[in-house]
Amino acid sequence: MSRTVLCIDTEDRISAVSSAVESEEDLSAITATSVDDAIDRLETEPVVGVVTAYALTDGTGMEVISAVREQTPQTPVVLFTDVSPAEIDTASFEELVVEYLNRDLPDAHDRLGFIINDVIDHSAQVGFLTPDDEDERLEALEQYDIEELPIEESFDRITDLIAAQFDVAVAFIGLIEEDEENFLACTGADWDSLTREDTMCTHSMLQEDVMVVEDIADDKRFNKNEQLENLGIVSYAGANMTSSDGHVIGQVCVLDHESRTYSPEERHRLEQFADTAMEILELRQAVRENRSVEVQQ
Amino acid sequence: MSLSTDQFGVSSLPIDEIENGTSVLLTGEDTETLKTVFARLVAADEDERSIVLATNSGGRSVRRLLDDARAGAGSRSSILTAEGPGRDDDVTAIEDIGDLTQVGMQFSSLVASSQQSTARFRSGIFLCSTIASEVEDTRSVYRFLNTNFLTEIRRGDGIGVVAIDASADLGTDVDSMIAGMERSFNARIDVDKTGYNEATLDISGIPGHEGTVDISL
């Protein structure tokens, strides 16, 4: 399937850039030659990556990058320019972070195709860290036919029980996919999914034990996250759902609208709920696979 | 000389070699001890180049540190420093360590330039905790590490070391943050100063060298 990359450069240079991108298999380019044009295209076209020049007729590539980070923060961007980093005005764009590729390098256009392909394939510019077994973890997650498994009622019951047990505003079970967290059950809120870098679970899943954040206002990992603020989240505790082959595929979590602590016993209990949710998922999957084998026989 | 083309030899530490592509999280609470171990890991051998982002040391100081770790390593380094002036082509000054867009571009540019002459590299950040304390949103630090540091190690012929002062006030739960970073990096070395000129390393993720080992500083 072809993946679309937005290329932005001046009229006299844009075709060389789009050709470099399209030299890569599976990549197709759409083009823009101004900041305004680029922002319009970002709003109307689904793109998986962006290549932009720095100097544009109506502004700079930094304005384009700012728009990308605002609309789809996980989309990778390559700044492809012959302007040196020291000459680029980043004063108003201090935390955008992109890959810089010097257009003056002898093999710059060949590199550009490789690099944009690479950053797309590896989700290389996301604002969260992934576990070192991320590829295997995603493969493990794919083994579950989530859409087909009759888990909804069981999981709803579990999150109801968790919310009552901990006396919290929200309890949920979420699976952590490559780019987002999908909520399978949620008591106290109506959430379907959240961009992964906006979630607390993508941090929690990296910890072996339960991650507790007593007040996100005191934690720089989360206190500038508008999504969390909009959802009214103040405190958090999350326990890992670990598959039988050892990969963390999801989280069982409790949230509250006020600051709170969790005792060692409460943390242990949350882990027990997470283990129970994982068991249900594995049992339902096993039953489905056995039925499928029986039907084939 | 390196022991083999896929490995990076380490001088003055009881680690024979580190595999190409390895990212190392280096943690500890004594900055000077951390700095010494960092230099021993990052100092370039003759067929390599070091690319160092130094948040709290000037270019001359970093070169001296690398030279102490391995003879001549200082002259095989490109340094991006937030302390003191740029000196020549190999020491570039950055004004604001919190401007990760600028820092990231400069760092990527240094890696690309060094690879024009020498493919093998050792990159290092000393101290990532200083960066984390300067930025407003920690997601930017992760984006910087992914975009401008871990990606270069994954693509190129190199290793990378990120040092964190675990005693620093980062405006977050430092233990939780380090636990998360540890899962994302290939290896971790925790440095504990045990006496004058002595330290213990707790090593994980470097095959053949798991566990604790005492070193002289």
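Biologist: Which residue in S2(A) is the bridge partner of Val5(A)?

Modeller: Ala29(A) in S2(A) is the partner of Val5(A). This is a predicted model, in which local features need pLDDT of at least 70 and side-chain atom pairs count only at pLDDT 80 or more, while totals for chains, interfaces and linings use all residues. Residues are numbered from 1 along each chain as its sequence is written, chains are lettered from A and ligands numbered from 1 in the order in which they are written, and side-chain values use heavy atoms, with hydrogens and water left out.

Biologist: What makes S1(A) and S2(A) a pair?

Modeller: Two strands pair if DSSP finds at least two bridges between them. Strand S1 (residues 3-8) of chain A and S2(A) have six bridges, in the parallel sense, so they meet that definition. The strands themselves are DSSP runs of E with at least two residues, and helices are runs of H or I with at least four, numbered from the N terminus.

Biologist: Why are S2 and S7 of chain A said to stand at the edges?

Modeller: The open sheet of chain A has five strands in the order S2-S1-S3-S6-S7, with parallel pairing. Strand S2 (27-32) and strand S7 (99-102) each have a single partner strand, so one side of each has no neighbour in the sheet. On average, neighbouring strands there are turned by 25° against each other, direction ignored.

Biologist: Why are H2(A) and H3(A) called roughly parallel?

Modeller: Helix H2 (residues 35-44) and helix H3 (residues 61-71) of chain A pack at about 15°, with their axes 9 Å apart. Angles run from 0 to 180 degrees between N-to-C directions, and axes are lines fitted to C-alpha atoms, for helices over the stretch in contact. Angles under 35 degrees count as roughly parallel, over 145 as roughly antiparallel, 65 to 115 as roughly perpendicular and the rest as oblique. H2(A) is therefore roughly parallel to H3(A). Among the residues that meet are Ala38(A) and Leu42(A) in H2(A), and Val64(A) and Val68(A) in H3(A).

Biologist: What puts H6(A) and H9(A) in their class?

Modeller: Helix H6 (residues 152-166) and helix H9 (residues 264-296) of chain A pack at about 175°, with their axes 11 Å apart. That makes H6(A) roughly antiparallel to H9(A). Their contact (heavy atoms within 4.5 Å) includes Phe155(A) and Ile158(A) of H6(A), and Phe273(A) and Leu281(A) of H9(A).

Biologist: How do H3(B) and H5(B) lie to each other?

Modeller: Helix H3 (residues 100-117) and helix H5 (residues 138-155) of chain B pack at about 5°, with their axes 10 Å apart. They are therefore roughly parallel. Phe107(B) in H3(B) and Phe144(B) in H5(B) are among the residues that meet.

Biologist: What is the strand order in the open sheet of chain B?

Modeller: Nine strands run S6-S5-S4-S7-S8-S3-S9-S10-S11, and the pairing is mixed. Strand S6 (91-93) and strand S11 (211-216) stand at the edges because each has a single partner strand.

Biologist: Is Thr200(B) buried or exposed?

Modeller: Thr200(B) has 18% relative accessibility, so it counts as buried. It is found in strand S10 of chain B. Leaving aside neighbours within four places in sequence, its contacts include Asp192(B) and Val213(B).

Technical notes. Buried < 20%, exposed > 50% of the residue type's maximum accessible area, 1.4 Å probe, protein only.
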